[in-house]
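Biologist: Could you walk me through this one before I start clicking around?

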2 protein chains.
Amino acid sequence: MFDPVEKLKEFIRHPSVSADSTYRDGMQGAQVFVANLLGSLGFIVEVVKTDLHPIIFAQHGGDASWPHVVIYGHYDVQPADPLNLWNTPPFDPTIIGNRIYGRGAADNKGPLMTNIAAVAQLLEANPKIPLRITFLIEGEEEMGSPSFPKFLESYKDRLQAADFVYLSDTALPSADQVVLTCGLRGLALFDLHVTGAKGDLHSGLHGGVLRNPIQALAEIISSLHTPEGLVNVPGFYEEVLDVHPWERAELKKLGADEQSYKDFLGIDAFYTLPGFSPFEALRFQPTLEFNGIGGGYQGEGTKTVIPSKAFAKISCRLVPNQQPEKIKQLVMAAIRARTPSGVKIEFVDQHKGDPYVVVPPDRANTPPDQSPVLARAFRAADQAVTEVWGRAPLYLREGGSVPIIAQIKQVTGLDSVMFGLFLPEDNLHAPNESFNLDVMRKGIETSRRVLAALAE
Amino acid sequence: MFDPVEKLKEFIRHPSVSADSTYRDGMQGAQVFVANLLGSLGFIVEVVKTDLHPIIFAQHGGDASWPHVVIYGHYDVQPADPLNLWNTPPFDPTIIGNRIYGRGAADNKGPLMTNIAAVAQLLEANPKIPLRITFLIEGEEEMGSPSFPKFLESYKDRLQAADFVYLSDTALPSADQVVLTCGLRGLALFDLHVTGAKGDLHSGLHGGVLRNPIQALAEIISSLHTPEGLVNVPGFYEEVLDVHPWERAELKKLGADEQSYKDFLGIDAFYTLPGFSPFEALRFQPTLEFNGIGGGYQGEGTKTVIPSKAFAKISCRLVPNQQPEKIKQLVMAAIRARTPSGVKIEFVDQHKGDPYVVVPPDRANTPPDQSPVLARAFRAADQAVTEVWGRAPLYLREGGSVPIIAQIKQVTGLDSVMFGLFLPEDNLHAPNESFNLDVMRKGIETSRRVLAALAE
């Protein structure tokens, strides 16, 4: 008998911090644990070597005419520090009330175990169920999945044989309301470096003669928005997909309250694109943000230098159908055109990721060539959620980014059904991460019904 | 017989780093050394206790009708680190060619010893010379002279009995050209802190909803200059003293070359107030500079946060007759007026210092009530420099700040004759500081002649 909570505890006990090489044993332990668990359920497990952490590719095959679902997850977790802020040891899972505490409990070990448990129940009830299931579980998600593109190219043919991807690595707005995430923003990141004089200068002996790179940087970056909050880069919005009326209507059902959101953020005024509520803006519109800035003296007291250098870290969140590389080039071109005399600029490229959108079936803008299995999965999920949670799911885009979802779509053509399971209060990436065990139980039942319905 | 180079070596051997309490013995050693040296020359020495490092107040008195000069200097030095960049031990003075290497060699032990040696020679030749001399030698100059205002108030009456201040703590443009510094810029410094949300936020989950404090900071600080380079703060230039034609003419004699200056700075274009050459701008005009900026993530790679906070360190260099506190209030008012919605700002006050100007005698704008002894000192200095160096001195304002000069003027009414002795290549505040011994020898002879002429 498969006990999902016990299995989850065992999973959390492996400290699988992918970004820290001192956790090599924990990574190895978590990977072996998952591989053995899927093997025990009758899967044929491949542990695919990468440059860093292996990817688990496990198949439960069958007739080529059967529906074929790829269930995605990741076995790596964020670092647990600062350790002193944890109330329980991060890698010693502890149940308090209806929550299990531990690093990775919600991201992604709990939600992944939810789907493994659903599969285990399904196969226990009917080992010959006419459904092909592939688990695709990586170990580099918390590092930006650097090995994933290469893996995708190698496994392209085998993945193309599937119908869609199913995953639980997005959020629920509350324990009562399921969201099937239908869109993710993309990313385009780079650093801007501005250099003035060849060294830091005494601001008395040389002040008044040359352009301070901090001033030049401020002039450049303050030009990148209009006073109304639009990104002030020619062509930036050119390929932004119009928001369909059903999407705005769906979002209204969420019943989000502006004052509560202001209180949560601790601000007294929003700064949102004209024509969009804050809840719409963060889902439907792109941004250009400054994630960091630095230059000159930053310590206590004063140091009267004119610094030689200053920099800003810039990131854009992108929406369909913006193309990250094109947007980077547009922003960089605007920066180049606005760089004043007397300073030099340099860009350091960082990573990028495509935005993603999937339209559920039976909408005005559902693509006519949508996979019938995907459409069945969405309908099955709608029914299962409605029955198990007592309330229909919402179909919403999310402001965050899961770049591998767009990568999978681009390389294999597969769309994703994203069944969110973690909650705002789960403290992802923070101390005292936890996962709600009631959500887990309902999640198992929901996923079991979705998969069972596909096999009918 | 007084050997100035041997005395300077002994002075440098005391590691008198005022800002570092581990150098307490060095501070004590340097202070006792100077006090004993002046005592041996017949001075009545008072060691004036302050909250930190004592001030040496040493008088060689005489008839109240005699001219009275106050010679200023400081016995403290900058920290010597990074030590690994020194070619010789910083506190073991080493003569190589015509230079003496060591921390404080040029700032200010060498120039101060130059003036002590001139006094020693003068008193040796005529112990009853009709001249009153007061040495005022502090130990906190490299920390911004925090105890000086309190001392000035206590010694106000005794200082007011003097005619002028004489010091060597400014620069020569080259070993061939003496400058008598006639003006210094003032300072007004503060930090600006901008706060948005109450914590750092995920730029995906919340991006597009609120104003990023880095963006707000960039908008604010980029508004503080016009595209032409003027400080864009109402009233900023209101009290700027007009530059007198003789000052521009004097500066032309310096023969400074724009291309060489660009090469020195490593820039390809100046950014100077309209109507001013770079050499004029840095002496005659105020500035508003950004000495540092910080906020958000500054490490390697990326972290997609919307930071809660950002800050800039702002400093103004001021010229006569700008008032530091008034300028601070004007700049802060402009910043308040330009702060966009959705962020809060806070100022952290830093220090300030008044600008200073003294007009030599026989100029169109010499004050009619100028002290006749000061006028005689300037004329004597002009003659002595011309004879000893073979070239007349230049009378120039400097871009840097020595706040105590304006403090002395304000409290006691005394003006200063600033006889520069250190050179650009002397590496002040840097590793391998040195002092040119030819300059020292000529300096002693010059100061000796100036003081002798006063006594005539």
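Modeller: Helices (H or I, at least four residues) and strands (E, at least two) are DSSP runs, numbered from the N terminus. This is a predicted model, in which local features need pLDDT of at least 70 and side-chain atom pairs count only at pLDDT 80 or more, while totals for chains, interfaces and linings use all residues. Residues are numbered from 1 along each chain as its sequence is written, and chains are lettered from A and ligands numbered from 1 in the order in which they are written.

Biologist: OK, how many residues of chain B are in contact with chain A?

Modeller: On the chain B side there are 65 residues, in contact with 64 residues of chain A, where contact means that the C-beta atoms of two residues, placed from the backbone, lie within 7 Å.

Biologist: And which element of chain B gives the most to that side?

Modeller: That is strand 11 of chain B, with nine residues. Among the elements of chain B that each supply at least two residues are also helix 5 (213–222), helix 8 (278–284) and strand 14 (344–353).

Biologist: What is that side made of, by class?

Modeller: The side of chain B that touches chain A has 24 nonpolar, 32 polar and nine charged residues. Here Ala, Val, Leu, Ile, Met, Phe, Trp, Tyr, Cys and Pro count as nonpolar, Asp, Glu, Lys and Arg as charged, and the others, Gly among them, as polar.

Biologist: Back to strand 11, how many bridges join the two copies, and do they run parallel or antiparallel?

Modeller: Strand 11 (residues 287–296) of chain A and strand 11 of chain B run antiparallel and are joined by five bridges; strands pair if DSSP finds at least two bridges between them. Within this pairing, A:Gly294 stands opposite B:Gly294.

Biologist: Switching to the backbone, where in chain B is the peptide bond cis, with omega near 5 degrees?

Modeller: One such bond runs from B:Pro320 to B:Asn321, and B:Asn321 is found in the loop between strand 13 and helix 9 (324–338) of chain B. Another cis peptide bond, with omega about 5 degrees, joins B:Asp107 and B:Asn108, the latter lying in helix 3 (residues 105–125) of chain B.

Biologist: And what about phi at B:Asn432?

Modeller: B:Asn432 has a positive phi of about 60 degrees although it is not a glycine, and this residue sits in the loop between strand 17 (416–419) and strand 18 (434–436) of chain B.

Biologist: Why does B:Asn432 count as partly exposed?

Modeller: Because B:Asn432 has 16 other C-beta atoms within 10 Å; a residue is buried with 20 or more, exposed with 12 or fewer, and partly exposed in between, with C-beta atoms placed from the backbone.
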